[in-house]
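Reader: I'd like to learn how to read salt bridges in a model like this. Can you walk me through it?

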Amino acid sequence: MAKGQRPVASDKSGIVAKLPRACMDETAAVEFFEEQRWGKDPRCAHCESREIYQMRDRKTGQRNKRFLWRCRSCNKQFTVRVNSVYEDSPIPMRHWAYAFWKACSSKKGVSALQIKRETGVTYKSALFLMHRIRFALAEDYRVQPKLSGTVEADETYVGGKPRNKQKGKGPVKGWLQTRKTPVVSLVQRDGNIRSFVTADVTSNNLARILQENIAADAHLMTDSSVVYRSHVIRSPFAKHDMTNHRVGEYARPGGIHSNTVESAFSLLKRGIYGTFHNVSRKHLHRYIAEFDFRWNNRKVDDGERTARAIRQAQGKRLRYRNTLLANV
């Protein structure tokens, strides 16, 4: 290595080396998912017992065609699919491996149409597959610690071109309201992001989201929008600083800015416009969860990010009928 040259981080890892084969061979795919789920300590998917064994063909010694395991404790059969987002899915595990890999390695996401073209499944199956992966990537913020330190908050609007513009009323009087869907994001400096789809942007709505997700001793950073000037937002936090975008002020000395959350919005917008093109309001929360997951795991390589996504798929189920419901 030349003097003064920095070492280059490699995206290659043991997991990435296994993924191409897992995307082509069904046995390799099943074994890959088993390794990510259980490691070297496989357990029963029903009772968590370690007294289990692989079911094999007596004549050939090969694994069962359905890759079944049996538990000696509860006497039940199971596979790696049980108690996960891919339970009861007829889609081969090699296609699941490919979809997880693409969703975690593509900075702006991967569309269901691309998965359809590259795996051969129907568009309906590819779309449901991707929705289940996004459901697996979603975090439950209610059981996680609140964001702390310096936290930036901002909102953006996702949707097509504005139509039938009307003058805003109430707290956003003078703004041009459109059919776009508001998305509120909170970013902890050098930490994670949390994004929420909301019906409208008001002081009360934002105050509820901020107070439920940001610690009281945090330093809040926002722009100078009228909704952030309300006492219901300013008073619960130790400190609150704003930058006035209307006069071209985007940063002030002392690290006062909301540029981090703006950079997250830029990735979201490029993904929506460039990859998905159109996202319905009903399913937007799932796409938001996907972008948040990649942001929160941006400091690891593609292999580790894919492994984390697969581990998050355990204990979650999304049935087809539930995809017709919002916020499920």
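This is a predicted model: local features need pLDDT of at least 70, side-chain atom pairs count only at pLDDT 80 or more; totals for chains, interfaces and linings use all residues.

Reader: Fine. What counts as a salt bridge, and how many salt bridges are there?

Author: The general idea is a side-chain nitrogen of Lys or Arg within 4 Å of a carboxyl oxygen of Asp or Glu. With that rule, the count here is 18 salt bridges.

Reader: Which residue does Arg63 pair with?

Author: Arg63 pairs with Glu34, and their closest N and O atoms are 2.9 Å apart. This pair links distant parts of the chain: Arg63 sits in the loop between strand S1 (52-54) and strand S2 (69-71), while Glu34 belongs to helix H2 (residues 26-38), 29 residues apart.

Reader: Is Glu34 buried or exposed?

Author: Anything under 20% relative accessible area is called buried. Glu34 comes in at 8%, so it counts as buried. Arg63 is buried too, at 12%.

Reader: Now, what about Arg208 and Glu212?

Author: Those two side chains meet in a salt bridge at 4.0 Å, N to O. Both are in helix H6 (residues 203-213), and because they are 4 residues apart, about one helical turn separates them. Arg208 is partly exposed at 42%, and Glu212 is partly exposed at 48%.

Reader: Which residues do shared partners join into one network?

Author: Asp41, Arg43, Glu48 and Arg50 are joined that way. Within this group, Asp41 bridges to Arg50, with closest N and O atoms 2.9 Å apart. Asp41 itself is partly exposed, with 29% relative accessibility.

Conventions:
Residues are numbered from 1 along each chain as its sequence is written. Side-chain values use heavy atoms; hydrogens and water are left out. Helices (H or I, at least four residues) and strands (E, at least two) are DSSP runs, numbered from the N terminus. Buried means under 20% relative accessible area, exposed over 50%, partly exposed in between (1.4 Å probe, protein chains only).
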